[in-house]
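Take a look at the chain below. This briefing covers its strands, its sheet, a few single residues and a pocket.

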Amino acid sequence: QVQVVESGGGLVQAGGSLRLSCAASGRTFSSCTLGWFRQAPGKEREFVAAIWCSVGATYYADSMKGRFTMSRDNAKNTVYLQMNNLQPEVTALYYCALRGRATTQYRVGAEYDYWGQGTQVTVAS
C-alpha cells in the first residue's frame, strides 16, 4: 500500500524556520504530483504548494509565493517545504498528498489519491 508520511513540524517562535518533509513509499510512479495543504483551527483546508515529481516544477498558492519554497531530493524520494520567517497566522496542521500522475489541478485536494497524517506547525505569538 502506498504511504505518505510528513515530518518536521514543531513549535517555533515568530521569525523562526521549519523544513517539512514528505516521503512517499510503497509504489513507483512514472509521474506524480505531490502537494502540501494546511488546515488551521476553524478554517477550511487550503492549498499551499505542489510539485510535479518527474520534472520538479513547483507551484504555489498566491499567498505563499515568496514565502515558502518546495524542493525535492530524488535520492531520498522525499520532498520538502521550507518555511522561513514564520508568523503565528501560519499555525496549522500541514498535510502532504500524492496523486499518481501529473495534474494541472494540483490546487484541488480531491485530485489526490493518498494523504499523510499531517504534521503540526505552531508559531508562538
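Along strand β11 (residues 119–124), the side chains alternate between two faces. Thr119, Val121 and Val123 point to one face and are buried. Buried means under 20% relative accessible area, exposed means over 50%, and partly exposed lies in between (1.4 Å probe, protein chains only). In a regular strand the side chains alternate between the two faces of the sheet.

This is a predicted model, where local features need pLDDT of at least 70 and side-chain atom pairs count only at pLDDT 80 or more, while totals for chains, interfaces and linings use all residues. Residues are numbered from 1 along each chain as its sequence is written, and side-chain values use heavy atoms, with hydrogens and water left out.

- Strands here are DSSP runs of E with at least two residues, helices are runs of H or I with at least four, and both are numbered from the N terminus.
- Two strands pair if DSSP finds at least two bridges between them.
- Strand β2 (residues 10–13) pairs with β11 in the parallel sense, over four bridges.
- Valine 12 has valine 123 in β11 as its bridge partner.
- Strand β9 (residues 92–99) runs antiparallel to β11, and three bridges join them.
- Threonine 119 in β11 stands opposite tyrosine 94.

**The four-stranded sheet**

- An open sheet is formed by four strands in the order β1-β3-β8-β7, with antiparallel pairing.
- β1 (3–7) and β7 are the edge strands, so each pairs on one side only.
- On average, neighbouring strands of this sheet are turned by 20° against each other, direction ignored.
- For such angles, axes are lines fitted to C-alpha atoms (for helices, over the stretch in contact), and angles run from 0 to 180 degrees between N-to-C directions.
- β1 and β3 run antiparallel and are joined by five bridges.
- Valine 4 has alanine 24 in β3 as its bridge partner.
- β3 and β8 pair in the antiparallel sense over six bridges.
- Valine 79 in β8 stands opposite cysteine 22.

- Is serine 21 buried or exposed? Serine 21 has a relative accessible area of 16%, so it is buried.
- Serine 21 sits in strand β3, and serine 7 stands opposite it.
- Leaving out residues up to four places away in sequence, serine 21 touches Val5, Glu6, Ser7, Trp36, Thr78, Val79 and Tyr80.
- Contact means heavy atoms within 4.5 Å.
- Alanine 110 lies in the loop between β9 and β10 (114–115).
- Alanine 110 is exposed, because its relative accessible area is 69%.
- Alanine 110 and phenylalanine 47 are 63 residues apart in sequence and 11 Å apart in space, C-alpha to C-alpha.

**The largest pocket**

- A pocket is an open set of points on a 1 Å grid where a 1.4 Å probe fits, with protein on both sides within 12 Å along at least five of seven lines.
- The largest pocket holds about 420 Å³ of space.
- Its lining has 20 residues, and Ala24, Cys32, Leu34, Cys53 and Asn77 lie nearest its centre.
- Lining residues have an atom within 4 Å of a point.
- β3 (18–25), β7 (68–73) and β8 (78–83) each supply at least two lining residues.
- β3 gives the most, with three residues.
- The lining divides into nine nonpolar, eight polar and three charged residues.
- Asp, Glu, Lys and Arg count as charged; Ala, Val, Leu, Ile, Met, Phe, Trp, Tyr, Cys and Pro count as nonpolar; the others, Gly among them, count as polar.

Notes: Grid points are joined across faces, edges and corners, and a volume is the space filled by probe spheres set on the points.
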